Each structure stands twice: as C-alpha cells, then as structure tokens.
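Let's go through this model by question and answer. Have the sequence and the 3D view open as you read.

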Amino acid sequence: MTELALQQYLDFAYIVAVVLFVLSLKFLSSPASARWGVLAGEIGAALAVIVTLCNPEVAQYKWILISLILGAGIGVPLGLVHMTAVPQRTALSHALGALSAAMIGVAEYYVGTAPTRFEMGEIALEVIIGSLTFTGSLIAAGKLQEILPQRPIVYRGQNIVSLSVLAGALGLAVALVVNPANTTLFPIMVIVALCFGILLVTPIGGADMPTVISLLNSYAGVSAALLGFVLNSKVLVVAGALDGSSGLILSVIMCKAMNRSFTNVMFGAFGQVQASAAGVQEERTVRSATPDEAAGILAAANSVVIVPGYGMAVAQAQHKVRELYDVLTKRGVEVRFAIHPVAGRMPGHMNVLLAEADIPYDRLIEMDDINGDFPQTDVALVIGANDVTNPAARTDTGSPIFGMPILDVDKARTVMVIKRSMSPGFAGIDNPLYYLDKTLMLFGDAKSFVNSIVHELTGTTH
Ligand code: NAP
C-alpha cells in the first residue's frame, strides 16, 4: 500500500471516530440510549488510538506500550469506585487528562522542532489551561473526597491575587511568543499556571464542586483541542471541542437547575452562607411513623410519586425501591418517580440508579412535567432526598437555595420522608417540609426502611 493510500485510510478511520463521538453525546442525552452512548464513545476512542498507532510516524512502540499498561493500571481501579464516589473519580480523570495534555505540550516545546511564534502561542495556551485544570481538578477531587476542607477558603483581596497570578501566566506566555527560544520562562509559566489552578478552586465550596468539575471538564477539552492544533491532529481538535462545549453546556444546565449564576458559583463562596443558615434552626416537632403505618398508607393510595435523592444512592436502596414499585403496582397503585435535575451528586445520578434497578424509563418523570401533578397525588414518598424538596426555595428569600426550582412534594395529600435523622442535606439548611401536618418522617436507613415496608406489604398480601 502506498503511503498516500494508507494516509487516506487513516483519515477515513478518524472521521468514523469523530462521528462515533458525536453519536455518543447524542445517545447519552437520553437514559433509554445512554448505554449505546457509552459504547459508541468507547469504540470511537479505541479506534482513534489504534489508528494513531498505525501512523507511519510512530517510530517505536516500547514506551507507548509501557504507558498503556501504566494508564490501564490506574484507570481500571478508578473505574471500579462506588457510584457515590463518581464525582471525585471524574475530577481525577480530568486531572490526569489535563496533565497528559500539558505534558505533551511541554515535550513539544523542548523536544519538537523550534516553534514559530504562532505555534508558541498555541503551546503556551494549551500548557496553561492543561496545568491549571490539573491542579484545579485535584483540589476538587480532594474536597469531594473530604481529604481537603469542603468549605470555601477565602481571604480579603482573593480575587485580585488570583487574577494577578493568571495575568502573570498570560504575561509569561506573551513573552514566550515574542521570544520562543527563552527556555527559562517556560517552566516559570507552567508553575504559575499550576498555582492558579489551586487558587481558582480553593475558594469554591464543596456544594458547587460538581458544577466546577463540569467546568474543568470543559477546560480539559479546550486544552486537548489546542493540543490537536499543536500536533496537527484533527481528531483531537474535534474531540477536544466536543468535550469543551459539552462540559460548558452541562455547567450551564446545572447552574440553571440550582438557580445559580456562573459568577456566583466561581466567586460566591456558597458554603459560607450554608454554615450561618444552619446555625439558626428552630426547635420544632415532627410526626414520625413506623414501616407498618407507612405500608398501610401506601396500600390505601391510588397514586404514589417516589422522590429519590442522594440518600437512596448512599444506601444503595434502588433495588429495594424497585421491589416496592413492583408490589404497589401489582396492587393497582399508580407509581411514578419524580426526577430533579440535581438530585444526588452528579447530573443524571437518579436516572442511572433507577435504570440499574430496571425501573421502566416511562415511569421516570422530569421535574417540570410532574410538579403540576402533586396536588392530585395521594402520597409523595421522599427517599433520601432533602434540598430538592425544600419549600424554602420558593418562599424564603434569605435561604441560600432561594429560587432553586424544587419538586413540589408539599402539595401532595400526604408526604412521607425516609431519612435517618433531622440532619440537613447538601446545602446544610433546615427543611420546613418536615414540620407540615401532612408530613410523616420515616426515620431509618433508606434500604432497610423500604425493605421493611415491602415486607409489611407482602406480608399483608399473602
Ligand atoms: P441532599 O439534599 O444532599 O439530602 C440527602 C439526604 O439523604 C440527607 O438529608 C440525609 O439525611 C439523607 N441520607 C443520607 N444517607 C442516607 C441513608 N443511608 N438512608 C436514608 N437517608 C439518607 O440530597 P438531594 O435532595 O438529592 O439534593 C442534592 C443536593 O446536591 C442539592 O443541594 C444539589 O444542589 C446538590 N448538588 C447536586 C449536583 C448534581 O449534579 N446532582 C451538583 C451540585 C450540587 P440523614 O443524614 O438524616 O439520613
């Protein structure tokens, strides 16, 4: 085969990989096709790697093989973490992706042919974004894993210091564009960019980390796209651009779902408000019920809306919830699931868990579609959800979650809430829902409480 023919085959395979990436994003937008989305992305990535390895420019495979084994050695255990640890796992993936992009940029500067001014600009931008994404993502992972304090760490004049450090990195990049041969400035620029990543994420509270991770995902994509220009790799440009834009779109969706603005997330120090709000809780009484009583109420209902949240994920209660769904449905009760866009700790968290338990997709109703049905609902059964049901978001202008769209469970005829205690949710604030006359608190671990209800219901059936 001539070199030209081989190149044409390789280019064609790259186009197929790019189409698979686009299809992957398309499929991932619906729970019904999400598995296909993952598969399409995996095949696309594998194809892009194989095609790159077939490139005649690849002179020797030894180091590539060693890197592949090392990467797989890190990647496989990362992929096996528990579902609730996925946000920090994702942050680590971004950190490693950004580190590799930055390191290739560094190698290109030192080992590649002397860059022109334009190429120097590309390399410098790519290395700055890769480096800040690397340290920023590590801080985000540390906060989510609670190795680092979750609260925002702020001090007077912080934004000025951070922006000055960024300006310093960009200034060094400009100096390098003017004189690409100035090898002393390059490592200083890298160090300053690494410092900026730390300064960027440290002041942001743990509650905003999933949004920040999505934003860092976007940065990692931009860095990869720039790397594509540096290496003249079209597939990397497209894949990076898709990654960058989808990360940005996801951040916007999450901000909207929490009624926050980008500036508020990046500079708002959300966790501080939570701490003060948590301190002014009143002593009020709640009504509680046993599994036996809860089973009786559910059995007598015509319509039940189950509202899953982070607690269901922690308790891994989704399979028991499926059993409850089956038992109630068999009794003729209409059971649906209300999905809040930011329930849990990552976008689509509840969809993934309920799909894992094989709950039919058509039973999963998005917030805007189900909210109008709550007044006609006999029982809203909240399982480990808290903030996403907090009516204070509608009424209390002083609440840190004021304006966040919520599931209107308080409008149902009866509300039952499974949680272990009166502890607050992620936003750290009290929930007035628990003190309503129509609300019954079902105290206990979500999995064992749902199990007891199922037991009561099946016990009465047989
Ligand atoms: P949440 O407000 O964090 O509340 C979860 C509740 O689950 C807690 O009150 C906890 O109460 C209970 N719980 C924990 N473990 C449990 C167990 N084993 N059994 C039973 N209950 C248990 O959760 P949410 O309502 O799903 O709201 C999500 C929060 O995360 C929102 O504030 C949202 O803005 C934020 N967030 C989400 C995303 C996202 O992408 N999904 C992104 C950024 C921020 P007890 O300790 O009393 O049991």
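Q: What percentage of the 462 residues in the chain is buried?
A: This is a predicted model, where local features need pLDDT of at least 70, side-chain atom pairs count only at pLDDT 80 or more, and totals for chains, interfaces and linings use all residues. Residues are numbered from 1 along each chain as its sequence is written, and side-chain values use heavy atoms, leaving out hydrogens and water. Buried means under 20% relative accessible area, exposed over 50%, and partly exposed in between, with a 1.4 Å probe and protein chains only. On that scale, the buried share of the 462 residues is 47%.

Q: Are α4 and α5 roughly parallel or roughly antiparallel?
A: Helix α4 (residues 86-111) packs on helix α5 (residues 117-144) at about 155°, with the axes 7 Å apart. Axes here are lines fitted to C-alpha atoms, for helices over the stretch in contact, and angles run from 0 to 180 degrees between N-to-C directions. Under 35 degrees counts as roughly parallel, over 145 as roughly antiparallel, 65 to 115 as roughly perpendicular and the rest as oblique. So α4 and α5 are roughly antiparallel.

Q: Which class is Ser 30 in, buried, partly exposed or exposed?
A: Ser 30 sits in the loop between α1 (3-28) and α2 (34-54). Tyr 361 is 331 residues away from Ser 30 in sequence, yet their C-alpha atoms are 9.7 Å apart. With a relative accessible area of 27%, Ser 30 is partly exposed.

Q: Which element gives the largest share of the lining of the second largest pocket?
A: A pocket is an open set of points on a 1 Å grid over the protein atoms alone, where a 1.4 Å probe fits, with protein on both sides within 12 Å along at least five of seven lines; lining residues have an atom within 4 Å of a point. The second largest pocket holds about 780 Å³ of space, and of its 39 lining residues, those closest to the centre are Tyr 310, Arg 345, Asp 387, Gly 425 and Phe 426. Two or more lining residues come from each of α8 (209-231), α13 (310-315) and β5 (414-419). The largest share, 4 residues, comes from α13.

Technical notes
Grid points are joined across faces, edges and corners, and a volume is the space filled by probe spheres set on the points.
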